[in-house]
Amino acid sequence: MAVDHYENFPVASLLLPAHLRPAVGAIYAFARSADDIADEGEAQPAQRLAELHAYAQQLDLIEAGQASNHPIFQRLRPYIAAHALPLQPFRDLLSAFRQDVVTTRYARYEDLLDYCRRSANPVGTLMLHLYKAASEENLRDSDAICSALQLINFWQDVAIDWKKARIYLPMEDLQAHGLSEQDIDQACRDQRWQALMRFEVARARALMLSGAPLAKRLPGRIGWELRLVVQGGLRILERIEQVEGDVFRQRPKLGKWDWLVVAWRGLTM
């Protein structure tokens, strides 16, 4: 459910019911294309913002019951109607993508969580609405899982994001550990960096575990899907710990053995 490249977006999952796959595919197409507007190519910020604004106007047309000539929204509109999907999550995603265009640093952890609220949590919200399971309790736990996944993705991609001139580690955390942007540029792996990454890993793990009961509470396929998502995120955190926070020389990711571990842990949650 993390937004960055949608690595956890269950578009083609075998656990996703066939009748929901077209709707999930349409949501994915919207999110993927909007994210590309914000991130890909050589467009200037003003052009990116203008294109994202045009997407927001398309959502306004849907809300007003008017037709669209944009293929992304022509595809999306029937599923919004059929599943009574709220439009606010789509608008929140666009807000996050606009922020990506203009914001490259986050002073406080709370600022980063606010970004996650709009960049990751809407995906979980929409999935719960598709499954007719969007209770207050479920939405709360989904938000925790989605934000945790987004944070885990940030911790994985410190080096990748630095090449894009972005830092998602809160600046207050860098300063508290005696680190600066120059240390990221120099791929610092000393005790200060290791301590910072242990801190961030523990923070993301606690957030993930706070939402994990949702995976056991939801029945059927969505519950099993979510178990794998939760355990996959937790396993990546273990991988970051195993390399002592060195996300510079090799991006921590899951291999075949890891997925066996994830599957077993999902079964035994």
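Predicted model: local features only at pLDDT ≥ 70, side-chain atom pairs only at ≥ 80, totals over all residues.
Local features are given where pLDDT is at least 70 and side-chain atom pairs where pLDDT is 80 or more, while totals for chains, interfaces and linings use all residues. Residues are numbered from 1 along each chain as its sequence is written, and side-chain values use heavy atoms, with hydrogens and water left out.

The largest nonpolar core has 82 residues. Such a core is a set of buried Ala, Val, Leu, Ile, Met, Phe, Trp, Tyr and Cys residues joined through side-chain atoms within 4.5 Å, where buried means under 20% relative accessible area (1.4 Å probe, protein chains only). Phe30, Phe90, Trp155 and Trp193 touch the most other members. Helix 1 (residues 21–39) gives the core its largest share, 10 residues; helices here are DSSP runs of H or I with at least four residues, numbered from the N terminus. Leaving aside residues up to four places away in sequence, Phe90 touches Ile27, Phe30, Leu59, Leu76, Ile80, Leu85 and Leu126, a contact being heavy atoms within 4.5 Å.

Leu126 also belongs to the buried residues of helix 6. Of the 10 residues in this helix, 9 are buried. They are covered by elements including helix 1, helix 4 (88–102), helix 5, helix 7 and helix 13 (220–242). Just after helix 6, Lys132 has a positive phi of about 55°.

Helix 6 (residues 121–130) and helix 7 (residues 136–156) have axes that come within 8 Å and cross at roughly 140°. Axes are lines fitted to C-alpha atoms over the stretch in contact, and angles run from 0 to 180 degrees between N-to-C directions. The two helices are therefore oblique to each other, given that angles under 35 degrees count as roughly parallel, over 145 as roughly antiparallel, 65 to 115 as roughly perpendicular and the rest as oblique. On the side of helix 6, the contact is made by Asn121, Gly124, Thr125 and Leu128. Its residues divide into 3 nonpolar, 6 polar and 1 charged. In this count Ala, Val, Leu, Ile, Met, Phe, Trp, Tyr, Cys and Pro are nonpolar, Asp, Glu, Lys and Arg charged, and the others, Gly among them, polar.

Helix 7 also meets helix 5 (residues 109–119), with axes within 9 Å that cross at roughly 115°. That makes helix 5 roughly perpendicular to helix 7. From helix 7, this contact uses Ser147, Gln150, Leu151, Phe154 and Trp155. The contact residues divide into 8 nonpolar, 3 polar and 1 charged.

Key:
Buried < 20%, exposed > 50% of the residue type's maximum accessible area, 1.4 Å probe, protein only.
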